[in-house]
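Please walk through this protein model with the structure open beside the text. The tour goes from the whole chain to its details.

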Amino acid sequence: TYLTETVGNLYSPNISFHLVPVDYTPTTVSEVLIDQGAVDFIYTHPSKMVCLEASRRYAFIATQRIFVLGQEAGGYGGTIYSLATNDQILNVTDIKNKRLGVTQVLASGGFQLPYKMLMQEYGLNIFTETKQIVFYQND
């Protein structure tokens, strides 16, 4: 594999890499495979890693850098928005007691970062201070 050929020979003795399929069943989820010693490390979505870091004390060892038009992208985030014609929501705190649409809970930019910002900067807990949360996918 690519990792075995490019990284494996940097170690003495050489090491090899093997891809192991992981899904969300109770016996093949990544943290179970690590706990059982079936894999040594995982490459996963940043939001999944945040959860694993908090719940299992796993540590980040590398970060993938993303380049756009030859330039390294320096930020990652989400957008909170409403219709421009909606005069009921003019700033972030106006979402109290409103219906809120959010993407998957594991989405870093689409859920976790905005949720954290609302809690830290505005003291707003969307789970207790909105009228309803509508979860959607594939937008």
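This is a predicted model: local features need pLDDT of at least 70, side-chain atom pairs count only at pLDDT 80 or more; totals for chains, interfaces and linings use all residues.

Residues are numbered from 1 along each chain as its sequence is written, and side-chain values use heavy atoms, with hydrogens and water left out.

Start with the whole chain. It has five helices and four strands. Helices (H or I, at least four residues) and strands (E, at least two) are DSSP runs, numbered from the N terminus. Along the sequence the pattern reads α-α-α-β-β-β-α-α-β. Of the 139 residues, 22% are buried. Here, buried means under 20% relative accessible area, exposed means over 50%, and partly exposed lies in between (1.4 Å probe, protein chains only). Contact means heavy atoms within 4.5 Å. Among contacts with a separation of 6 or more, 49% join residues 24 or more positions apart.

Now look inside. Nonpolar side chains tend to be buried together in soluble globular proteins. A nonpolar core is a set of buried Ala, Val, Leu, Ile, Met, Phe, Trp, Tyr and Cys residues joined through side-chain atoms within 4.5 Å. Which residues make up the largest nonpolar core? The eight are Ile 95, Leu 100, Val 102, Phe 111, Leu 118, Leu 124, Ile 126 and Ile 133. Both β3 (99-102) and α4 (108-122) supply at least two residues each. Another core, of six residues, lies apart from this one; Leu 33, Val 39, Leu 52 and Tyr 58 are among its members.

Follow β3 next. Its side chains alternate. β3 pairs with strand β4 (residues 132-135) in the parallel sense, over four bridges. Two strands pair if DSSP finds at least two bridges between them. Gly 101 has Val 134 of β4 as its bridge partner.

Val 102 has several contacts, leaving aside neighbours within four places in sequence: Phe 111, Ile 133, Val 134, Phe 135 and Tyr 136. Thr 103 sits in the loop between β3 and α4. Is Thr 103 buried or exposed? Thr 103 counts as buried because its relative accessibility is 13%.

Then comes α4. Its buried residues include Ser 108, Phe 111, Pro 114 and Leu 118. Gly 123 follows α4, with a positive phi near 60°.

Turn to charge. Side chains of opposite charge can pair when their charged atoms come close. A salt bridge is a side-chain nitrogen of Lys or Arg within 4 Å of a carboxyl oxygen of Asp or Glu. The whole structure holds one salt bridge. Lys 96 forms a salt bridge with Glu 129, with the closest N and O atoms 3.5 Å apart. The pair links distant parts of the chain, 33 residues apart: Lys 96 is in the loop between β2 (71-72) and β3, and Glu 129 is in helix α5 (residues 126-129). Lys 96 counts as partly exposed because its relative accessibility is 37%.
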